[in-house]
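Hello,

Here is the structure I promised to pass on. Please open it alongside this note. My findings follow below.

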Amino acid sequence: MDIRGTTADSPLPPDEDAIIELRRIGKVYGQPGAEDSVTAVQDINFTIRDLPGSGQCRVFLGPSGCGKSTILRIIAGLIEPSSGEVLVNGEPVKGPSADRGMVFQSYSSFPWLNVLDNVRFGMDLAGVPRGEGDERAAELIRRVGLAGTEKMLPANLSGGMRQRVAIARSLACRPRIILMDEPFGALDPRTRRDMQDLVAGLLADNDLNQTFVFVTHDIDEAIFLADRIHVLSARPGRIVGELEAPRATEYTRNAMSRGEYQDLANRIIAMIYGDDDAAHVLSDHLLLEE
Ligand SMILES: Nc1ncnc2c1ncn2[C@@H]1O[C@H](COP(=O)(O)OP(=O)(O)OP(=O)(O)O)[C@@H](O)[C@H]1O
Ligand SMILES: [Mg+2]
């Protein structure tokens, strides 16, 4: 029996409103049982429902090494889980697809292509006509604050600028799902904040009603960007709780600098590190998937 009361012989039908469903996902790197094998994540279950009309930002938050990149790569179709099922729009994931844009943890532009061609790359593969691709790429480059850099090579850009290129590229094919793997981890605090504001701006005028799935180990970043936070334990990563967080706005930013969300941060810490008293207080605020 699985948690929703079905057997392996009668698999659950896909949740029709779900854009992403992970069912009992586990990932072991190496040969299971071998001395050097690593269980990265265990029994990961969650459903993200499509939210037409508003879009959303789900954040996976957990300590370094708890399997956040592993979960995102499984959703992206870049690696296969060792157990369980992953469905996107009700279909089993068989590999990467243009319906899921990805921004990687390390800078990942094509070094031999200029900024415009980097952003256009996926659209070329998808067969978007050249004129339309150029127009869309130019608009995205403007939107991420890089107008004027179209002809520059990634090597001549700063880390923050390269991640802007990666974000523009992930948006180019207008995917319904944008996967962001700790994209700002290597940036200085000021640039990181600017980039968080950029993502908040994309969410605010989310004309495509996209679902952002954002991975981080930074609690403040999670609280600022998330509509909902999935909290993971240390490795092997398991989901130890879910919380709602305020929509990212200038108000949220200011409230955070006044420490107004310290309470939420403390609850997250208690979830991860299992402080019993704090976890008790917390249980009222846990918002588990129905
Ligand atoms: N290709 C691999 N081969 C073997 N072990 C791996 C591989 N990829 C990840 N791991 C291990 O799996 C665990 C989870 O890794 P993962 O990269 O998913 O964690 P993470 O939460 O993204 O960490 P970080 O916050 O440091 O990016 C780690 O212990 C890591 O060493
Ligand atoms: Mg990672």
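**Helix packing**

Helices H2 and H4 cross in a right-handed sense. Keep in mind that this is a predicted model. H2 covers residues 115–125, and H4 covers residues 159–172. Their axes lie 7 Å apart, at an angle of about 25 degrees. Angles under 35 degrees count as roughly parallel, so that is how H2 and H4 are described relative to each other.

Which residues meet in this contact? From H2 come Val115, Asn118, Val119, Arg120, Phe121, Gly122 and Met123. From H4 come Val165, Ala168, Arg169 and Ala172. By class, the contact of H2 with H4 has seven nonpolar, two polar and two charged residues.

**The sheet**

Four strands form an open sheet in the order S2-S1-S4-S5. The pairing is antiparallel. Strands S2 (38–49) and S5 (91–92) are at the edges. Each has a single partner strand, so one side of each is left without a neighbour in the sheet.

Take S1 and S4 next. S1 spans residues 18–29 and S4 spans residues 83–88. Five bridges join these two antiparallel strands. Glu21 stands opposite Leu87 in S4.

**Around ligand 1**

The shell around ligand 1 holds 14 residues. Those that come nearest are Tyr29, Ala40, Lys68, Ser69 and Thr70. Strand S2 and helix H1 (68–76) each supply at least two residues of this shell. H1 gives the largest share, three residues. By class, the shell has seven polar, four nonpolar and three charged residues.

Best wishes

Definitions and conventions: Residues are numbered from 1 along each chain as its sequence is written. Chains are lettered from A and ligands numbered from 1 in the order in which they are written. This is a predicted model: local features need pLDDT of at least 70, side-chain atom pairs count only at pLDDT 80 or more; totals for chains, interfaces and linings use all residues. Two strands pair if DSSP finds at least two bridges between them. A residue is near a molecule or strand if its C-beta atom, placed from the backbone, lies within 6 Å of it. Ala, Val, Leu, Ile, Met, Phe, Trp, Tyr, Cys and Pro count as nonpolar, Asp, Glu, Lys and Arg as charged, and the others, Gly among them, as polar. Axes are lines fitted to C-alpha atoms, for helices over the stretch in contact, and angles run from 0 to 180 degrees between N-to-C directions. Angles under 35 degrees count as roughly parallel, over 145 as roughly antiparallel, 65 to 115 as roughly perpendicular and the rest as oblique. A crossing is left-handed if the near helix is turned anticlockwise from the far one by less than a right angle, and right-handed if clockwise. Two residues are in contact if their C-beta atoms, placed from the backbone, lie within 7 Å.
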